[in-house]
Amino acid sequence: MSRRTALRLAAGGLAALPLSSACSGPGLSLSVSGGPNVTTESSAGAVLRSRARLPEPFTLPLSVPEVLRPSSSDATTDYYELTQRESDLEILPGLHTRVWGYDGRFPGPTIVSRRGRRTVVRHRNELPVPTVVHLHGGRTPPEHDGYPTDLMQPGARREYVYPLDQPAATLWYHDHRMDFTGPQVYRGLAGFHLLHDDEEDRLGLPSGERDIPLLIADRAFAEDGSFDYPARDPSLRGEPGVTDDFASGVLGDCVLVNGVPWPFLEVEAVRYRFRLLNASNARRYRLALDPPPPGGAAFTQVGGDQGLLASPVLHEELPIAQAERFDVVVDFSAYRPGQRITLVNTLGESGTRAVLRFVVTRRARDDSRVPRTLAEVEPLSRSQARVEREFVFARGGAQHHGMTLWTVNGQAFDPRRIDADPELGSVELWRIRAQNVPHPIHVHLAPFQVLGGGPTTSGWKDTVDLDNGGEAEILLRFDGYRGRYVFHCHNLEHEDMMMMANFEVR
């Protein structure tokens, strides 16, 4: 029996299991132990309600993460130093939140690199638990990719080397410790890493203070202002996972943008570029402008996960799943000075509907533009695929401590098992399916293109979102490095509960 046939039969068997009948709405599946499958506000998970007093939306100014300066540079390389440590930040007015942050910040400082120059980041772990750093979207050698078991113990140092021989893109870095990625990212271990190149510079897109990264993440707060997270072991040293009610995912009731709850941003009546990142554990968003601009689309998308698109794509609403990035241009010249425009989440309810408010201050000179042609994007074709594989992301097939796990093809993650073995330089076609609840699927190293996926899946991707019962065909290019990498669901509670698998480029 061929591998392709075996995988298809395995996928078919999983589809026939009772777990595939899970509800796609806020209902429950009865076929699992250790908590039902739950979908809330179109996201997999249950809402954790804050007990702290939350601020009124749009009363706090947006903060833009500071750009980290190199500690040194030479002819080929820029070197950076980061310390992972605890700090107390005033996220909610009058209260302090204990954060695990890069340099004690949430989000961490932004690293800015240029294609053709190597970036080396030296991390020191001053946290009480092991950590791992993954450069999400980076085409990185396996020993520096942040494999989940490549732990940096408390008090240890680790050097990550990033060649960054890839087009300009909005990347981000975050913790990737096996079994504990969810709570450690939730506590603050995430930040932007922006990559520029000459091709992007020639376009004339909004730049400087009009090029703003926006890290969107929902959180819940305990009464004292601390992050509230339903970990089975809050010390994050013992049993992994979350309590049964949150087995499908942890959704907060407070939306933070760059670590600020429901902030406002003053803008001039010109074009701005916003680098949108969904850094939430489990929440999906569908973003829109209220009111929409008269006579034009709300968002002009110029880039995605892996860099520039071939040409701009217009969106009235923009769905964005966990770990996805969308680079968009918003033209505020269609609004009058003094007008307030709200970035809303049309999937949200009550407090999770609001995200960010823009306040137009005045008209100003604008030399930026959005060209009709952005970049040369080589389209992959089905005929290039040497191998076809199928993977089903579902709940079932394995248990741990009475909890039915989230699995890939019915198998829990095992660092020793290789689930795919692509050849270096090859193109493969993967059919991926989602069961029980929505799943955003992320593949390390290999950029991919989605076949027939619609306007929000244009260009090169590294993460694709699937609804419950959804299916996608993706063409992946395995170039750059040989070695072992992972692919997984980027609902971080699912990832921690074993929805991850290995591939090894040979």
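Predicted model: local features only at pLDDT ≥ 70, side-chain atom pairs only at ≥ 80, totals over all residues.
**Cysteines, an open sheet and the nonpolar core**

Cys254 has a relative accessible area of 0% and is buried. Cys489 is likewise buried, at 0% relative accessibility. Both values fall in the buried class because that class covers residues under 20% relative accessible area.

An open sheet is built from four strands in the order E7-E12-E11-E9, and its pairing is mixed. The edges are formed by strand E7 (108–114) and strand E9 (133–136); each has a single partner strand, so one side of each is left without a neighbour in the sheet. From one strand to the next, the twist averages 20 degrees. In general, strands of a sheet pair through backbone hydrogen bonds, in either a parallel or an antiparallel manner. For E7 and strand E12 (residues 190–196), the pairing is parallel and extends over five bridges. Within this region, Gly108 is placed opposite Gly191 of E12.

The largest nonpolar core comprises 115 residues. Those with the most contacts inside this core are Phe274, Phe332, Phe358, Trp430, Ile432 and Phe503. Strand E25 (residues 354–360) supplies the largest share of the core, with five residues.

The surroundings of Phe332 were examined with neighbours within four places in sequence left aside. On this basis, Phe332 is in contact with Val267, Glu268, Ala269, Val270, Tyr272 and Phe274, as well as with Ile341, Phe358 and Val360. Among these partners, Phe274 and Phe358 are also listed with Phe332 as residues having the most contacts inside the core.

Conventions. Residues numbered from 1 in each chain as written. Heavy atoms only, no water. Pairing = 2+ DSSP bridges. Helix = DSSP H or I, 4+ residues; strand = E, 2+ residues; numbered from the N terminus. Axes fitted to C-alpha atoms, helices over the stretch in contact; angles between N-to-C directions. Buried < 20%, exposed > 50% of the residue type's maximum accessible area, 1.4 Å probe, protein only. Core = buried A, V, L, I, M, F, W, Y, C linked by side-chain atoms within 4.5 Å. Contact = heavy atoms within 4.5 Å.
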